[in-house]
Protein chains: 2
Amino acid sequence: MERETSYKTRKVISIGTVSELTGLSERQIRYYEERKLVFPERSERGSRKYSFLDVETLIDIANKREEGVRTEEIRSELKRKKKKDDQASRTKMIQGQLNAQFGIRKK
Amino acid sequence: MERETSYKTRKVISIGTVSELTGLSERQIRYYEERKLVFPERSERGSRKYSFLDVETLIDIANKREEGVRTEEIRSELKRKKKKDDQASRTKMIQGQLNAQFGIRKK
DNA sequence: CGTGTAAGGAATTCTGACACG
DNA sequence: CGTGTAAGGAATTCTGACACG
């Protein structure tokens, strides 16, 4: 069951556009990758590709950084949030499977 | 009331990526713009930027072309579809305004 | 630690044109 | 009509490094 990647998480935006969208320099964006805060994919020829979700994450990072939060601290916060989101998504997926099998009505 | 452009319609994808996503050559993509089938925006320095919706439109175009449909014909079909969509969107917006003003409950 | 910058190269994108038809 | 291609230039992106601190 191939889930088509959504508009929000599909990695198609190049770093220059991400820079415009976030107000961050390309240097900063690459550095946050080095510090494991964001995980762009690479195109065939090696250029970084980001999703809208990545852009939002980067905006969050920019805000935290302005408050003086260190990248290491931001990284652990993001990890916590990710874990939570993953759980929510797993729950939702299981719910979907139940609906599919037993035809539970929603709405 | 500034509507934040959605992930689907925000124009952020460059032509190389669109080419990968659609299987069309850059030449073809530019040509379809010349024939008014798609309307990319331009970045500050002039490179074309497409939305996910544009990508879907281009895939539709590719399918039609494979059937031998001429670009001019595709253009008028797209115009018809666009008119319909615009009407649906206008209806929805008015509905939203009504809800906002009179607090009509949905769900 | 976080970010700027100069460096050199490789890949991207653009436009206008010629080609075939 | 629809698409390929070679052409030349301008802008993009990449990496590794030095700098400040």
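Predicted model: local features only at pLDDT ≥ 70, side-chain atom pairs only at ≥ 80, totals over all residues.
1. Sheet in chain A. Three strands of chain A make up an open sheet with the order 1-3-2, and their pairing is antiparallel. Strand 1 (13-14) and strand 2 (41-42) of chain A are the edge strands, each pairing on one side only. In general, strands of a sheet pair through backbone hydrogen bonds, either parallel or antiparallel.

2. Pairing of strands 2 and 3. Strand 3 of chain A spans residues 48-50 and is joined to strand 2 of chain A by two bridges; the two run antiparallel. Glu41(A) stands opposite Lys49(A), which belongs to strand 3 of chain A.

3. Nonpolar core. The largest nonpolar core holds 35 residues, and the members touching the most others are Leu58(A), Ile61(A) and Leu58(B). At least two core residues come from each of helix 1 (15-22), helix 2 (26-34), helix 3 (52-66) and helix 4 (71-102) of chain A, and likewise from each of helix 1 (15-22), helix 2 (26-34) and helix 3 (52-66) of chain B.

4. Surroundings of Leu58(A). Leaving aside residues up to four places away in sequence, Leu58(A) touches Val18(A), Thr22(A), Leu24(A), Ile29(A), Tyr32(A) and Val38(A).

5. Backbone at Lys36(A). Most residues other than glycine have a negative phi. Lys36(A), which is not a glycine, has a positive phi near 65 degrees. Lys36(A) sits in the loop between helix 2 and strand 2 of chain A. With a relative accessible area of 52%, Lys36(A) is exposed, because the cut-off is over 50%.

6. Backbone at Lys36(B). Lys36(B) also is not a glycine and has a positive phi of about 65 degrees. Its place is the loop between helix 2 and strand 2 (41-42) of chain B. Lys36(B) counts as exposed at 52% relative accessibility.

Notes: Residues numbered from 1 in each chain as written. Chains lettered and ligands numbered in written order. Heavy atoms only, no water. Pairing = 2+ DSSP bridges. Helix = DSSP H or I, 4+ residues; strand = E, 2+ residues; numbered from the N terminus. Core = buried A, V, L, I, M, F, W, Y, C linked by side-chain atoms within 4.5 Å. Buried < 20%, exposed > 50% of the residue type's maximum accessible area, 1.4 Å probe, protein only. Contact = heavy atoms within 4.5 Å.
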